[in-house]
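User: Hi! Could you walk me through this one?
Analyst: Happy to, here it is.
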Amino acid sequence: MIRFENVVKRYPGEGADAVHNLNFEIASGTICMLVGPSGCGKTTTMKMINKLIRPTSGAILIDGRNIDTVDTIELRLSIGYIIQDIGLFPHMSVGENIATVPGELGWKKERINARIEELLELVDLNPKVYRNKKPNELSGGQKQRVGVARALAADPPIMLMDEPFGALDPITRAKMQDEFLHIQEKIRKTIVFVTHDIEEAIKMGDNIAVLKAGQIVQLSSPMEILSNPADPFVSELIGGRNSLKMLNLMLCGQIMKSLSPSEGEKARATGHGLLGLKATAQDALSEMLRTGQRFIYVEDGDRIVGVLEFEDLLERASRHGLSQ
Amino acid sequence: MASLSSLLKVLLYGLIGLFLSIWVVQNPQDGLVARLVTYDKLAVLLLQHFYLVGVSALLAVLTAVPLGIALTRPGLKSWAPRVLALVNIGQTVPSLAVVALSVGFLGVGSLTAIVALWIYSLLPILSNTLIGLQEVDSSITEAAHGMGMKGRHVLFRVELPMAAAMIMAGIRTAVTITIGSAILAAFVGGGGVGNLIIAGNNISRWQVLVLGAALPVLMALMADVIFESLEKKVRV
């Protein structure tokens, strides 16, 4: 758990605090998105966690321990760090880049080698092909995967990610986001993720902290932010179409009506449209609009397990909307 | 392939120098040239020249690179622009003036020559070390620090390797210039191929003058090719 207590940062010669009296917690194993416009203090907030920036006053605690009392190098080695232009070392191979932190920790060579292979497979890069390549031989998405692998090298409990997918094209970005969420399901790290993209925050975050002028204006789940924006600034940041965005947070598997195996067989015989359990309600709506049907079947593997009706979507979206 | 063509170039320049020397020794203009230019004497002069350049360049690397590193560390960073400006002014002073000035302090001899050449070759190495280190992307060094690398590891494993090509380019400039400037050592009793030029001029023998002028040029060309390939090798 990461805990900010009355944290203030004022840069020398500045009239106002870059970060003003932050008090919040990030639970272990969750992704906390720090989102806001440029200069809102989100990067400063993140960099205070690994002591790249020292707070002017206040305390930051990791699992109850004030980070001031922890050796800087030791602290940083226990925190994975990924930045926007990834910061891969251009003169080192992919393998050498990943080996950086294990090397600093003094791991044995065999252990480092095994770890490099394991991580490259985790991020879906063939070790035989990519291990000895230099960063400039990789595409943007591949560099990002190596960046993730490097940050995970020593299995740190915490990861700091500073707009890691910011420089990617939209298609690669969406793919990397999905893959990263998939990896996070396996590794369950405590992640602090800085972004200026509210869509990314809604998609990736367990919680979202919206920052403005160095203060948190709202800290809550994506669903809560969409259905209950704390003030006009947050509403503006979300930029309308909240209900559609909310549909994006609901998975077909969660909101469908279950069907028995025999009903599933019957449904299959109709040849009607199908979606997976992990498809979102927005996907379902889009599919209904495309086919002109008011319902869609949900399949798990090759078995149809549920059905989703247009009225369900309508009710779900408006129920959240009503709570405003 | 680049290294093969460099090797061929070095061989070519070496052979030209060798044939030129053999030609002068075998076919001297007259007895004076025959006595002045022998294989033994040429070997001594070339070794002296090599020694002057090697020692001064080595000293320059050993002083300029650490100084350049120091001037990019947080404490001394603010001094870097001033030192760089001073270095740039220093580079405009003719090498002859530097040699003459050192005679004033140290008298004549090879030590004077080495000190003068050292000071003169310091400058390109220092400025390139500074620029090379300053050009390392700050987001990369911040990533290195943020990941928990120790300060000296960031320097030796990240910053210096990334600046290596630039530093090597400075050494290349310094060495090629120094090979030419080392001719001036002959004026202060430091020896080297410059002796041939002075002697050739005194006795007005064109063969001696041509040899004295050609050998340093060929040496400089060889050094240039060798350091060019080293530079390519360390380029990121």
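Analyst: A definition to begin with: two strands pair if DSSP finds at least two bridges between them, and strands (E, at least two residues) and helices (H or I, at least four) are DSSP runs, numbered from the N terminus. This is a predicted model, where local features need pLDDT of at least 70, side-chain atom pairs count only at pLDDT 80 or more, and totals for chains, interfaces and linings use all residues. Residues are numbered from 1 along each chain as its sequence is written, chains are lettered from A and ligands numbered from 1 in the order in which they are written, and side-chain values use heavy atoms, leaving out hydrogens and water.
User: Thanks! What is the strand order in the open sheet of chain A?
Analyst: The four strands run β11-β14-β13-β12, with mixed pairing. β11 (257–258) and β12 (274–276) of chain A each have a single partner strand, so they stand at the edges with one side lacking a neighbour in the sheet.
User: And how do β11(A) and β14 of chain A run?
Analyst: They are antiparallel, joined by two bridges. Lys257(A) has Val307(A) in β14(A) as its bridge partner.
User: Switching topic, how many residues of chain A are in contact with chain B?
Analyst: 19 residues of chain A touch 17 of chain B, contact being heavy atoms within 4.5 Å.
User: How many salt bridges cross that interface?
Analyst: Three, counting a side-chain nitrogen of Lys or Arg within 4 Å of a carboxyl oxygen of Asp or Glu. There is also a salt bridge between the side chains of Lys47(A) and Glu142(B), at 2.8 Å, N to O.
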